[in-house]
Amino acid sequence: MNGIELQDREFFAAIDEGREPDASVARVLECYRVLDEVERQFN
């Protein structure tokens, strides 16, 4: 299995279990905000 297949399985398992997927936008959004801030400091 590759990473995409594993992520897809996790996504559908989360739907079946009524929970938020591990790789959801809500879980990574803050990380992207921090990365954006770091990038702005370097530019």
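This is a predicted model: local features need pLDDT of at least 70, side-chain atom pairs count only at pLDDT 80 or more; totals for chains, interfaces and linings use all residues.
Me: What does glutamate 30 form a salt bridge with?
Reply: The partner is arginine 33, with the closest N and O atoms 3.3 Å apart. Arginine 33 is partly exposed as well, with a relative accessible area of 49%.

Me: How far apart are glutamate 30 and arginine 33 in the helix?
Reply: They sit three residues apart in helix α2, which covers residues 25-42, so about one helical turn separates them. In general, an α-helix has 3.6 residues a turn, so residues three or four places apart point the same way.

Me: How many salt bridges are there in the whole structure?
Reply: A search of the whole structure gives seven. Side chains of opposite charge can pair when their charged atoms come close.

Me: Ok, which residue does arginine 9 meet in a salt bridge?
Reply: Arginine 9 meets glutamate 5, at 3.0 Å from N to O. Both are in helix α1, four residues apart, which is about one turn of the helix. Glutamate 5 has a relative accessible area of 33% and is partly exposed.

Me: And which residues are linked in a network of salt bridges?
Reply: Glu10, Glu17 and Arg19 are linked that way. Within this group, the side chains of arginine 19 and glutamate 10 meet at 2.8 Å, N to O. Arginine 19 counts as partly exposed, at 32% relative accessibility.

Me: Changing topic. How many helices and strands are in the chain?
Reply: The chain has two helices and zero strands.

Me: What should α1 span, and what do its end C-alpha atoms say?
Reply: Helix α1 has 15 residues and should span 21 Å at 1.5 Å a residue. Its end C-alpha atoms are 21 Å apart, so the two values agree.

Me: What happens at the start of α1?
Reply: A side-chain oxygen of asparagine 2 comes to within 3.1 Å of the backbone nitrogen of isoleucine 4.

Me: And what follows α1?
Reply: Glycine 18 follows α1, and its phi is positive, near 70°.

Me: Now the aromatics. How many aromatic pairs does the structure hold?
Reply: It holds one. The rings belong to phenylalanine 11 and phenylalanine 12, with centres 5.5 Å apart and planes at 80°, so the pair is edge-to-face.

Me: Where is phenylalanine 11 found?
Reply: Phenylalanine 11 is in helix α1, residues 3-17. At 38% relative accessibility it counts as partly exposed, while phenylalanine 12 is exposed, with a relative accessible area of 51%.

Me: 51% and still "exposed"? Why is that the label for phenylalanine 12?
Reply: The label applies because exposed means over 50%, and phenylalanine 12 has 51%.

Me: Which residues make the nonpolar surface patch?
Reply: Phe11, Phe12 and Ile15 make a patch of about 310 Å². Isoleucine 15 lies in helix α1.

Me: How far is phenylalanine 11 from aspartate 36?
Reply: Their C-alpha atoms are separated by 26 Å, and the two residues are 25 apart along the chain.

Me: Last bit, the whole chain. What does its C-alpha trace span?
Reply: The trace spans about 40 × 25 × 5 Å along its principal axes.

Me: How much of the chain is buried?
Reply: Buried residues make up 9% of the 43 residues. The accessible surface of the chain is about 4,000 Å², and 56% of that belongs to carbon and sulfur atoms.

Definitions and conventions. Residues are numbered from 1 along each chain as its sequence is written. Side-chain values use heavy atoms; hydrogens and water are left out. Buried means under 20% relative accessible area, exposed over 50%, partly exposed in between (1.4 Å probe, protein chains only). Patches are made of residues with over 30% relative accessible area and no salt bridge: like charges are joined within 9 Å, nonpolar side chains (Val, Leu, Ile, Met, Phe, Trp, Tyr) within 5 Å. Accessible areas come from the Shrake-Rupley method with a 1.4 Å probe; for residues, only the protein chains shown count as cover. A salt bridge is a side-chain nitrogen of Lys or Arg within 4 Å of a carboxyl oxygen of Asp or Glu. The expected span of a helix is 1.5 Å times one less than its number of residues. A polar contact is a pair of N or O atoms within 3.5 Å; within protein, one must be able to donate a hydrogen and the other to accept it, and residues adjacent in sequence count only if both atoms are side-chain atoms. Rings of Phe, Tyr and Trp (its six-membered ring) pair if their centres lie within 6.5 Å; planes under 30 degrees apart count as stacked, over 60 as edge-to-face and the rest as tilted.
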